[in-house]
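Please open the model in a viewer and keep the selection tool at hand.

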Amino acid sequence: MQTVDHTKKGWSVKDVIFLAIIAIFFGIIYQVWSFAYYAIAATPLKPYANDLTLGVWIMAGPLAGVLLKKVGASVVGELLAAAVEMLLFSSWGASTLISGFVQGIGNELGFAATGYKNWGKLGLLLSTIGSTIITFIWDWFQSGYSAYHVGLLLSLFIIRFISIGFFSGILVYWIKKLVDKSGLIK
Amino acid sequence: MNRKRINPAVLVIIMLGIGLQITFAHSVFTNIGVIIITCLYLSYCKTSSKLLILTSLYAFPLALGSWWSFIAFGTGDVWHIAWIYASRVYAYLYLGAIVTLTVPIKDILLSLALHLNLSSTFVYGLLASFNLLGRIKSQYKTIRYSAMMRGTTYHFWNPNLYLRIIIVALNWSQDLAEAMTSQGFTEGAQRTLTYKDNLPKWQWGLAALLILLYFIFSFLVRPW
């Protein structure tokens, strides 16, 4: 009986498991990483902790994008990472899933802007810009950024872009280059 | 043990329906309302109180940080704002907990597949991966130890760490997917259900009612 359709373009169970396994690894990395986050987050500097570390939480989306090169890969990748995090590790509860979706959309918009043709430097640059803006708008409501001083907001925005730019842009680009060199994914 | 519970699919809808609104609401009282109702349900479900206290403590730095940052950097009515965002942390936390702490992961995913048409590819793919949790944890240690034996430490900003992770994920997902298809799993095919999952209609009504009530209180009544 034929049970595998190799011509199918949508999501295969292998893709889902692949992203979910990566998401669980990310969950473990987040756990270690969150100690640093919590140390700063318990002080008035919490917004800085948010924005400084945001790039790491967001990485799973663009990484899924450049690895699978599919429409929707960033959203699904980030949503899976968020679902894994919520089910296994999280202390953010319900907001985990919603934020994951929003972050994924931000990244996805960047890749969509290139017509899903560029998964290299340009695509990643646009994806980091997209997620910086979208997540900032989201935090305007969810984390109450609307109530902060303008000066603080400006510095937060810049810190956020640097964090997302490094982790979800440069680091993902380096990973992609390593993967390409190894010839693992065709 | 066999007390009547709300179906996981309905819980997810309540969680998202109210969770999304919390983001835009500006009221300490409705946050506290959410906290009280969700905690009542959690105690009705006999959720381990030790686990609840632990997660509550774990979220405390977040709530404290939010609260304090508005006192320090906020504009306008900082005390009100500070309490809104501090209580919001806990409203989110317990709203998530009514899903994740009262129902096993497997039941959540199967219920989502059955009642909300989540594709079986995702449901069974996720289930398969969650079963690897223990192995993934030990694999993560193995990756780091083997790097140490070669004299390098993999920090989380080192791309080589992620390359290892991707290699493992590629191999395992290939193996698992093949194992599943060889056991007869067909993507998108009609499935025989071997489990029962009741969802009485009134539970959808309950979800709609709770979401609507939250909307009315948060955006029309708008208590402090």
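Two residues are taken to be in contact if their C-beta atoms, placed from the backbone, lie within 7 Å. Please bear in mind that this is a predicted model.

**First stop: where the chains meet.** Colour chain A and chain B separately. The contact between them takes 50 residues from chain A and 66 residues from chain B. On the side of chain A that touches chain B, at least two residues each come from α1, α2 (46-58), α4 (73-88), α5 (95-113), α6 (121-142) and α7 (150-182) of chain A. Which helix gives the most to this side of chain A? That helix is α1(A), with 15 residues. Sorted by class, this side of chain A holds 35 nonpolar, 13 polar and 2 charged residues.

**Second stop: a helix pair in chain A.** Select residues 13-41 of chain A, which form helix α1, together with residues 60-68 of chain A, which form helix α3. Their axes come within 11 Å and cross at roughly 145 degrees. The crossing of α1(A) with α3(A) is right-handed. To see the contact, display A:Asp15, A:Leu19, A:Ile22, A:Ala23 and A:Phe26 on α1(A), then A:Ala60, A:Ala64 and A:Leu68 on α3(A). These contact residues comprise 7 nonpolar, no polar and 1 charged.

Select residues 78-100 of chain B, helix α4. This helix has 23 residues and reaches 33 Å from its first C-alpha to its last, close to the 33 Å expected at 1.5 Å a residue. Is α4(B) mostly covered or mostly uncovered? It is mostly covered, with 19 of its 23 residues buried.

Terms used:
Residues numbered from 1 in each chain as written. Chains lettered and ligands numbered in written order. Predicted model: local features only at pLDDT ≥ 70, side-chain atom pairs only at ≥ 80, totals over all residues. Axes fitted to C-alpha atoms, helices over the stretch in contact; angles between N-to-C directions. Helix = DSSP H or I, 4+ residues; strand = E, 2+ residues; numbered from the N terminus. Left-handed = near helix turned anticlockwise from the far one by under 90°. Nonpolar A, V, L, I, M, F, W, Y, C, P; charged D, E, K, R; others polar. Expected span 1.5 Å × (residues − 1). Buried ≥ 20, exposed ≤ 12 C-beta atoms within 10 Å, placed from the backbone.
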